[in-house]
Amino acid sequence: MTAALEADGTLILDSPVDLPDCLDLLVVGGGPAGTAAAFRAKELGLSCLVLEFDGLLKRIRDYPKDKLILPSFGGGDKMQFPAGGDLVARLYFDPIDKDDMCEAWTREYRACSVPAKIGAEFTTLEREGDVWVAGAWNHRNQTRETFKARHLALALGRGVPRRFDIPGNTEGVAYRLQEASHYVGQPALVVGGGTSAAEAVIAISNAKVEAEDPCTVHWSYRGSKMPRVSKALADVFFSAYVGNGNIRYHPHSEPTAVVVGPDRSEYLSLRIVRRVDVGKPSETVHLEFPKDDCIACIGEDVPEAFLRELGIQMAVVGEAGKKMMAVSPLLETQVPHVYLIGDLLSQFYLETTDFEASAETYQRIKHKGNIKQAMRDGVFLAEVVAQRLEGREDVAVVIQDAAPSTTGPLGDDPAHTVSFDPADLPLESFILDRPGLVRMTAAGVDEEEFEIRPTGVTTIGQKGCDLSFPDDPLLSENHASIVHKEDQILLRDDGGASGTFLKLQPDRPVTLRPENILRLGRQILVLRSRAGGLVFHHYNDRGEYVQELPLKEATTVFGRAGGKSDPDVSLGDDRTLSRFHLSVTVEGGQAVAEDFNSSNGTYLKVSESMELADGDVFRVGGQILRLQVTALPAKTDSFPKPETRIITRAPEDAGDQDAESTAVSLPEPAAPAPEPAASTQATPQILFVGTEAPLSIAEDESVLEVADENDVEIDYECW
């Protein structure tokens with residue numbers, strides 16, 4: 001549903017609002033933070049306008065089709081929605097389809113008469129007396145506009161997508177994958193070396209296979225080696241590369257220009273070869289792709305230069321010179337009455353009461369990059385502005401938590417919620433008392449539980465299945481099934497483009513057949529039958545053919561070289577391999593494989609169906625699932641219970657007062673338990689390449705957070 005707009009982009013409201021010449025608050029950005037700020041400002045009687053360049057909730061809008069928006073994502077399970085009035089409560093949501101969420105929030109803007117203007121790009125900021133004059137370019141009517149406001153909130157999200165800095169008109173090149181089927185029927189190009197690029201390549205490759213499209217998908221990156229994909233993508237990526245056969249790699253390549261072809265259409269020119277001979281002109285080879293068939297997954301940039309033009313300087317801290325956003329306890333920048341809220345502050349920001357002091361004295365604050373945190377920022381900021389407009393000298397804002405069971409229209413209206421049965425509830429809410437599946441993280445931690453049908457077939461796929469994972473681009477619509485019979489449970493591959501993989505159990509040998517695919521760490525073995533007997537074809541972690549390995553009528557051990565005692569066959573120094581990883585015994589022309597309790601396991605690609613036993617683990621798309629036949633033990637009070645946090649922001653002149661106070665609701669005291677023996681287990685530590693000593697890592701801390709806290713520069717991509 002498209003928002004109803006006037007010619008200049010003004011959102012048409014159910015009850016029109018006459019805004020004054022000078023606003024109390026101008027919000028730049030219509031995402032979760034900006035929306036919550038505007039709705040709370042409306043409740044507090046403030047005049048407020050949301051200025052949005054592209055569209056309300058544009059980042060959520062541009063997620064892949066059928067993506068499910070989860071309130072628990074990114075640490076949201078450890079916090080509540082912010083309490084406000086009736087209008088803010090209308091923004092609370094349960095798991096919801098991304099398109100439904102965009103429609104529902106836009107509808108709430110209209111119903112609650114919250115003013116917004118779409119298509120206006122904020123460009124300048126000037127001071128006029130005691131008010132700000134914000135300049136904007138209206139892309140709808142091609143005019144310059146100005147807006148006066150006493151306070152300005154910048155809710156710009158994580159930043160803006162990087163654009164190609166190449167000659168020609170790059171408009172029309174996509175900067176994220178939205179619908180893989182759009183690239184069916186013609187060659188497609190994906191540029192970038194990160195996880196989002198790998199996901200796009202896999203999704204487009206699978207879409208072409210499902211549509212029986214013989215065209216290829218090309219992956220361009222600047223490095224000499226194929227980019228490493230995440231562990232969660234490794235199996236499906238190799239399956240797409242070997243099984244689909246439609247992926248082409250272009251290392252050392254780069255886009256050079258958008259050119260106009262003889263047909264007057266515009267093409268992105270990709271240089272794939274450059275030869276330099278002394279005394280001769282350089283020779284290059286280029287491929288050209290219609291620019292509408294190109295995706296540039298090249299990341300996002302914080303608009304540092306633009307912020308600097310506004311007078312907002314990022315603070316530089318640490319020996320590495322890391323740049324971070326700096327604000328006061330009221331989220332105000334060094335520019336008076338200009339604030340930063342939302343993902344601009346994630347994952348950490350600096351807090352200070354004196355911008356003239358050394359940045360090394362600023363307090364580092366952790367900031368979760370999720371929708372609940374963004375909404376809390378927005379509600380907090382609106383209340384800060386309200387108190388300042390009242391003339392309070394000491395501003396103190398307390399953000400209360402909404403009740404955990406509270407839901408707004410996005411939770412009450414069946415048309416805008418995701419219907420799910422108990423199998424979809426979090427692990428804390430549901431315990432299997434009959435055979436089911438447990439979803440696990442890559443580290444083997446249980447996440448969710450799902451029931452399977454007591455008899456018959458339970459389907460698994462991206463959508464329209466008994467167990468659907470709509471935000472997993474690596475799953476086919478109907479990927480695999482669990483077939484539950486009276487005396488057995490089978491795992492059946494239903495033609496999923498990225499394959500279905502069963503983890504071998506150390507105590508249960510498996511008989512192999514020709515064309516079976518085994519994955520050991522990042523190495524791949526494909527069993528083939530030759531005139532002289534059975535052989536393995538070995539592929540490395542980049543999908544490149546390495547060698548042929550004949551199998552003798554005996555037991556052969558495969559693993560990693562480099563120790564005092566090597567395996568019979570070394571598959572290289574891949575650290576994801578165990579020293580003795582897998583044994584294969586050939587007898588009478590049949591091969592039997594057994595895992596040696598390896599650290600990362602051995603996975604067998606399921607060609608038709610295989611019987612499952614209690615505890616068996618398998619992978620479909622990006623999901624890792626375990627069959628649970630016996631009931632799980634009941635939970636006890638030894639698990640920590642969620643805390644209730646009340647955050648109080650101190651006034652600007654609060655000096656050394658604490659900027660945050662916490663009230664924790666504790667469980668009722670339990671009967672005293674026997675004193676446990678003193679633990680000798682060391683604190684978990686992590687060693688980064690290039691650092692001199694390992695660093696401590698807390699149980700609830702991520703690797704990225706440890707790196708940020710200790711000024712360790714690492715390459716990463718959040719996805």
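The following legends describe close-up views of a predicted model. Local features require pLDDT of at least 70 and side-chain atom pairs pLDDT 80 or more, whereas totals for chains, interfaces and linings use all residues. Residues are numbered from 1 along each chain as its sequence is written, and side-chain values use heavy atoms, with hydrogens and water left out.

**View 1. The largest nonpolar core.** This core comprises 81 residues; a nonpolar core is a set of buried Ala, Val, Leu, Ile, Met, Phe, Trp, Tyr and Cys residues joined through side-chain atoms within 4.5 Å, where buried means under 20% relative accessible area, exposed over 50% and partly exposed in between (1.4 Å probe, protein chains only). Helix H8 (residues 371-389) gives the most to it, with 10 residues; helices (H or I, at least four residues) and strands (E, at least two) are DSSP runs, numbered from the N terminus. Leu-26, Met-101, Phe-122 and Leu-154 have the most contacts inside the core.

**View 2. The surroundings of Leu-154.** Beyond residues up to four places away in sequence, Leu-154 touches residues including Val-28, Phe-122, Leu-307 and Tyr-339 (contact: heavy atoms within 4.5 Å).

**View 3. An open sheet of 10 strands.** The strands follow the order S26-S25-S44-S43-S31-S41-S33-S34-S35-S36 with antiparallel pairing; two strands pair if DSSP finds at least two bridges between them. Strand S26 (446-451) and strand S36 (545-550) form the edges. Strands S31 (residues 500-503) and S41 (residues 602-605) pair over 3 bridges, and Leu-502 stands opposite Leu-604 in S41.

**View 4. The loop containing Gly-562.** Gly-562 lies between strand S37 (555-559) and strand S38 (569-570). Gly-562 counts as exposed because its relative accessibility is 66%.
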